[in-house]
Amino acid sequence: MTVQEQCNILIVDDHPLMRRGVRQLLELEPSLNIVAEASNGNEAVTYACQLLPDLILLDLNMKGLSGLDTLKALRNEGIAARIIVLTVSDSRSDIYALIDAGADGYLLKDSEPELLLKKILQAANGENVFSDIILEYLGTRDDQSDPFESLTERELDVLQEVARGMSNKQIASHLHISEETVKVHIRNMLRKLNVRSRVAATVMYLERKSQ
């Protein structure tokens, strides 16, 4: 997308004042078009499926469905929009969880308005955008710890079944989840372990178990 084309945006935040402020900021730029505002995660999923926005600005700490669960729900629905987290939280665990779940950027609400608008325009043009402190955290992440610690309990369950040689269909049946959900877990798992295949993930898993 070029800046000359309009980027359709969905704002997701449970604070009306914040939604209004973000809308007013984005309206300064003619190429950004707000198609809807959602006050919770369920509304966000509904609007995203109906309106197919290009970009979703997603709050993290919301009542009801959290930003993380909303992000997962959007990706599970096959929403291809770029999703940028816009939050007050600079907690490493929040950052890593959202990035691992498929966020395309992570911006802090206390950023200067001009900088925030610039970053959102970059996101509209297909870039991954992060506040400076977030980039620092992501840059040191590889030095942190065991990559298996970033896996969710369900991803570990799936990995265990993969290591036993089970197919996606068998895993879905065994864990009482859909095959599509199994595929999502495997995709996230491979990304977190930084490997490209089930075989490589299995080797890592078995090596770790033997330690």
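**Salt bridges in the model**

Me: Lys 109 and Asp 13, are they buried or exposed?
Reply: Lys 109 and Asp 13 are both buried. Buried means under 20% relative accessible area, exposed over 50%, and partly exposed in between, with a 1.4 Å probe and protein chains only.

Me: What sort of model is this?
Reply: It is a predicted model, where local features need pLDDT of at least 70, side-chain atom pairs count only at pLDDT 80 or more, and totals for chains, interfaces and linings use all residues. Residues are numbered from 1 along each chain as its sequence is written, and side-chain values use heavy atoms, leaving out hydrogens and water.

Me: Back to Lys 109 and Asp 13. What do their side chains form?
Reply: A salt bridge, at 2.8 Å from N to O. The term covers a side-chain nitrogen of Lys or Arg within 4 Å of a carboxyl oxygen of Asp or Glu.

Me: Where do the two sit in the chain?
Reply: Lys 109 is in the loop between strand S5 (105-108) and helix H5 (113-124), while Asp 13 is in the loop between strand S1 (7-12) and helix H1 (16-26), 96 residues apart. Helices (H or I, at least four residues) and strands (E, at least two) are DSSP runs, numbered from the N terminus.

Me: How many salt bridges are there?
Reply: The count is 9.

Me: What does Lys 192 pair with?
Reply: Glu 155, with the closest N and O atoms 2.7 Å apart. Lys 192 belongs to helix H9 (residues 179-193) and Glu 155 to helix H7 (residues 153-163). Both residues are buried.

Me: Which residues do shared partners join into one network?
Reply: Arg 19, Arg 23, Glu 27 and Glu 37.
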